[in-house]
Amino acid sequence: MHVRETRSAALSNWLAWALLVAFTLVSVTLAELLDWRDIASLVVFAFAVIKGQIVAVKFMETPRALPMWNVLYRIWILVIGIVLWGGVFLAGHGGA
Amino acid sequence: MSQSGSIPPEYTNPPGTNGIWTFIFIDMIVFSLIFLVFLSEKMRLPAIFAAGRAHLDFHLALANTLLLITSSLFMADAVGAARDGATGRMRWQLRACLICGGLFCVNKVVEYHAEISAGFTPAHNSFYSFYYFITGAHFLHVLGAMIFIVHCLRQSSAEVAHEGYRRKLENTGLFWHFVDLLWIFIFPLLYLAGTI
């Protein structure tokens with residue numbers, strides 16, 4: 001049972017890694033190819049938020065930490081993603 | 001009723017210590033402030049920031065992103081191995097994590113050398129001041145985390161069976177994942193945000 005749990009955790013980590021790599025490569029491809037830059041920047045930072053959530057949940061194991069940390073860390077990832085996208089969007093349109 | 005009786009079972013043995021979760025969160029706030037100042041300057045000087053980004057080596061940064069993601073996988077597996085008491089597996093995972101971290105550092109030094117050789121020093125303009133400050137602060141975090149990983153590796157043979165060692169490794173792992181988390185946002189902000 002214990003070995004099965006360990007293998008399951010290792011598989012889960014590999015799946016998380018594969019998703020992180022896939023999101024990174026898709027982000028880079030979109031940034032290079034997509035002409036519509038507002039949509040591209042939104043997708044790139046949305047992917048960054050998803051990647052951050054994967055790192056927090058699967059690697060940092062925030063759901064196993066005290067609930068306060070789980071909430072604070074995951075909210076930070078969401079908020080920083082939105083703020084960074086907002087800043088890049090405004091800069092791309094001549095500033096605030 | 002004891003205090004532990006009121007805590008749900010999944011929270012009775014959380015990863016790492018409360019101190020490291022607090023420390024990382026404070027570091028998150030500090031980096032948030034740095035990002036905000038960067039964005040305000042980017043909004044003030046969009047042309048300079050777009051031109052600066054165009055000179056950066058995007059391919060090295062992509063390689064560094066993949067290296068940090070992969071190192072996080074090795075670190076997560078190392079923590080899992082330590083919980084299983086599998087010392088050998090834990091040690092090679094930590095070594096693999098260190099190799100990825102080392103390659104990240106080599107890439108970063110190559111990138112800095114190329115930029116400085118081309119005349120793009122921190123004094124060149126506002127973009128480069130932020131570029132060196134943000135990536136430099138992140139680089140120091142990587143180096144600091146690697147020192148802790150080496151420390152965990154050195155003590156692994158003697159202490160792996162102890163609860164304290166597992167906690168120490170979990171703390172190191174959490175910090176390493178935080179370094180990865182920061183880079184996940186630094187990469188699009190510095191290297192992609194001029195193209196999009």
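Guide: Start with B:Phe127, which counts as buried at 1% relative accessibility. First, the ground rules: this is a predicted model, where local features need pLDDT of at least 70, side-chain atom pairs count only at pLDDT 80 or more, and totals for chains, interfaces and linings use all residues. Residues are numbered from 1 along each chain as its sequence is written, chains are lettered from A and ligands numbered from 1 in the order in which they are written, and side-chain values use heavy atoms, with hydrogens and water left out.

Visitor: Why is B:Phe127 called buried?

Guide: Buried means under 20% relative accessible area, exposed means over 50%, and partly exposed lies in between (1.4 Å probe, protein chains only). B:Phe127 has 1%, so the residue is buried. B:Tyr128 is buried too, with a relative accessible area of 1%.

Visitor: What makes A:Trp76 and B:Phe185 an aromatic pair?

Guide: Rings of Phe, Tyr and Trp (its six-membered ring) pair if their centres lie within 6.5 Å; planes under 30 degrees apart are stacked, over 60 edge-to-face, the rest tilted. Here the centres are 6.0 Å apart and the planes stand at 85°, so the pair is edge-to-face. Both A:Trp76 and B:Phe185 are buried.

Visitor: What makes B:Phe127 and B:Tyr128 edge-to-face?

Guide: Their ring centres are 5.2 Å apart and their planes meet at 90°, so the pair is edge-to-face. B:Phe127 and B:Tyr128 also belong to one aromatic cluster, with B:Tyr112 among its members.

Visitor: How do you know that B:Lys108 lies over the face of B:Tyr112?

Guide: A charge sits over a ring if NZ of Lys or CZ of Arg is within 6 Å of the ring centre and within 35 degrees of the ring normal. For B:Lys108 the distance from the ring centre is 5.6 Å.

Visitor: Why are B:Arg83 and A:Glu61 called a salt bridge?

Guide: The rule asks for a side-chain nitrogen of Lys or Arg within 4 Å of a carboxyl oxygen of Asp or Glu. B:Arg83 and A:Glu61 meet at 2.8 Å, N to O, so the label holds. Across the interface of chain A and chain B the rule finds one salt bridge.

Visitor: How many residues of chain A are in contact with chain B?

Guide: Contact means heavy atoms within 4.5 Å. By that rule, 47 residues of chain A are in contact with 47 residues of chain B.
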